[in-house]
Amino acid sequence: MERANRTLVTEFVFLRFSNSPCLQLLFFSLFLLVYLLSLVGNALIVLIVALDGHLHTPMYFFICNLSLVELWYTTVTVPKMLSNFLCTQGVISVPGCIAQYYFFFSLAATELFILTIMAFDRYAAICRPLHYPLLLSPQTCSTLAGVCWSVGFVCPMFPSFLLAHISFCTPNQINHFFCDADQIFRLSCTDTYAIQILGYALSSVVILGSLVFTMASYAQILVTILAMASAAARHKAFSTCTAHLSVVTLYFGTLIFMYVRPAVKYESNINKIVAIFYSVITPLLNPLIYTLRNKDVKEALKVLLSRIQRI
């Protein structure tokens, strides 16, 4: 009866981070800086890998794809969040909200698949070095990247289609900075149990499936490294994996906390904080992790900067 008396809505309102205008301005400045640094960092990696022939290897090819995902991943949510900081009331239309939901989860799935392929790349390089050029030829790498992008964009398509055909009612307030799944479900006038189960199943399969494959690759890598006779060889082999392991730990950890459980049972304020890590902070950290710990990328960056200075 309560649902029947609620009014249908055509737009949603994002709740503010704070009621203080000064804090809202502070948040705007902080997230704008993080967003710009993330864009510059990931764009630089794409540019460096594209221009430097020494980086035309499978590992850097997938790092380049990861940076491309991060560029779009942050752009799906952060600009809208920034505009909401400057508005008295941040609104988004229902179709716009569902579109944001679709693209956000498409790119999140694509990133998971690329991180998984990057683990396989490290497995092939360390455990099967003689077969590495055959296992990850340029054609194979292009095919794997294409599969990651294609499957990533297919995964949330059916849940998004179902969401587009349900009605939403008042109160039309979203306690988040983007259209996350649990927030959309809470605003529905109709029963969304089937869609929630479908979304939960898909997210669990994608996240846990990628995690299992990644951990299996690293288990083989660990066995191979421990079997190496030389301490220097063990250190060199492990150092090539540390950057990827850092990204995997942060990204998988936050996604598992957020989506591999019934989302509607958890507080939105906690979700909002955790979401900042995987949707805003991680895209900023990735370029730092892959450049600060990577001599090849740092050398390529120096060459690029010297070329720019000569222009």
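How do the residues of the lining of the largest cavity divide into nonpolar, polar and charged? They divide into 7 nonpolar, 6 polar and 1 charged. The model described here is predicted.

Rolling a probe the size of a water molecule over the atoms shows where empty space is left. With a cut-off of 30 Å³ or more, the count for this structure is 2 cavities.

The largest cavity holds about 90 Å³ of space. Its lining is made up of 14 residues, and those closest to the centre are Phe14, Leu15, Arg16, Phe17 and Asn84. Helix 2, which covers residues 58-86, gives the most to this lining, with 3 residues.

The second largest cavity has about 60 Å³ of space. It is lined by Ile48, Leu51, Asp52, Ala300, Val303, Leu304 and Arg307. Two or more residues of this lining come from each of helix 1 (21-51) and helix 11 (295-310). Helix 11 provides the largest share, 4 residues. By residue type, the lining of the second largest cavity has 5 nonpolar residues, no polar ones and 2 charged ones.

| Cavity | Volume | Lining by type | Helix giving the most |
|---|---|---|---|
| Largest cavity | about 90 Å³ | 7 nonpolar, 6 polar, 1 charged | helix 2, 3 residues |
| Second largest cavity | about 60 Å³ | 5 nonpolar, no polar, 2 charged | helix 11, 4 residues |

Technical notes. Residues numbered from 1 in each chain as written. Predicted model: local features only at pLDDT ≥ 70, side-chain atom pairs only at ≥ 80, totals over all residues. Heavy atoms only, no water. 1 Å grid on protein atoms, 1.4 Å probe; cavity = no way out; pocket = protein on both sides within 12 Å on 5 of 7 lines; lining within 4 Å. Points joined across faces, edges and corners; volume = space filled by probe spheres on them. Nonpolar A, V, L, I, M, F, W, Y, C, P; charged D, E, K, R; others polar.
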